[in-house]
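Good morning, and thank you for joining this meeting.

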Amino acid sequence: MQEKTKLMIHSMYKLKINPKDIAHHTNTDLTDVLKVLKLSDRYFTDEKALKRRLNRGSFIITDEGVCKKCPRCNEFYPIDSEFWPKNSKASDQCSFICKACDQERKDSFKKKQQHTKSVNKKLENSLKILNSIFRIDLT
Ligand SMILES: [Zn+2]
């Protein structure tokens, strides 16, 4: 890529022009624009996967760089450890669902466990009472 093009990409980005539009106006591939702006190399190294996801719509380009869609809450968040739990096996190093959803899922799992525990305890107590009344062992 010519230095002139790189300079143009940087200037356009400073003017808050969306990388997608920069790619269009400079006749450059979007992934190259992202590379020049260093928006894609922090977490995302697999260019083919990036392109595929952009086409599919699970990734979008905003002023904050590449954003990924969380399939649980349908929100887009920048590909950053601030928003996504880390997953070193994933091509974008990010977990499948966002941090907020991940926490929510963990909390609901904990609640379910607590509920089961309290039901079991109630059942145990009822059996004890029945036991003492009828003097039969139901446990
Ligand atoms: Zn989410």
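This is a predicted model: local features need pLDDT of at least 70, side-chain atom pairs count only at pLDDT 80 or more; totals for chains, interfaces and linings use all residues.

Residues are numbered from 1 along each chain as its sequence is written.

Let us start with the overall form. The protein chain holds five helices and three strands, where helices (H or I, at least four residues) and strands (E, at least two) are DSSP runs numbered from the N terminus. Read from the N terminus, the order of the elements is α-α-α-α-β-β-β-α. The C-alpha trace spans about 90 × 25 × 20 Å along its principal axes. The radius of gyration of the protein chain is 26 Å, whereas a compact globule of 139 residues would have one near 14 Å; the radius is taken over C-alpha atoms, and the globule rule is 2.2 Å times the number of residues to the power 0.38. Of the 139 residues, 14% count as buried, that is, with 20 or more other C-beta atoms within 10 Å of their own, while 12 or fewer make a residue exposed and counts in between make it partly exposed, with C-beta atoms placed from the backbone.

I turn now to the helix pair. Helix α1 (residues 3–14) and helix α2 (residues 19–26) have axes that come within 10 Å and cross at roughly 145°. Here axes are lines fitted to C-alpha atoms, for helices over the stretch in contact, and angles run from 0 to 180 degrees between N-to-C directions. Which residues make this contact? From α1 they are Thr-5, Met-8, Ile-9, Met-12 and Tyr-13, and from α2 they are Pro-19, Ile-22, His-25 and Thr-26. Two residues are in contact if their C-beta atoms, placed from the backbone, lie within 7 Å. Just after α1, Lys-16 takes a positive phi of about 65°.

Finally, consider Asn-87. This residue is located in the loop between β3 (76–78) and α5 (99–134). Is Asn-87 buried or exposed? Asn-87 is exposed, because 12 other C-beta atoms lie within 10 Å. Beyond its neighbours within four places in sequence, Asn-87 is in contact with Gln-93, Cys-94 and Ser-95. The C-alpha atoms of Asn-87 and Lys-38 are separated by 21 Å, and these residues are 49 residues apart along the chain.
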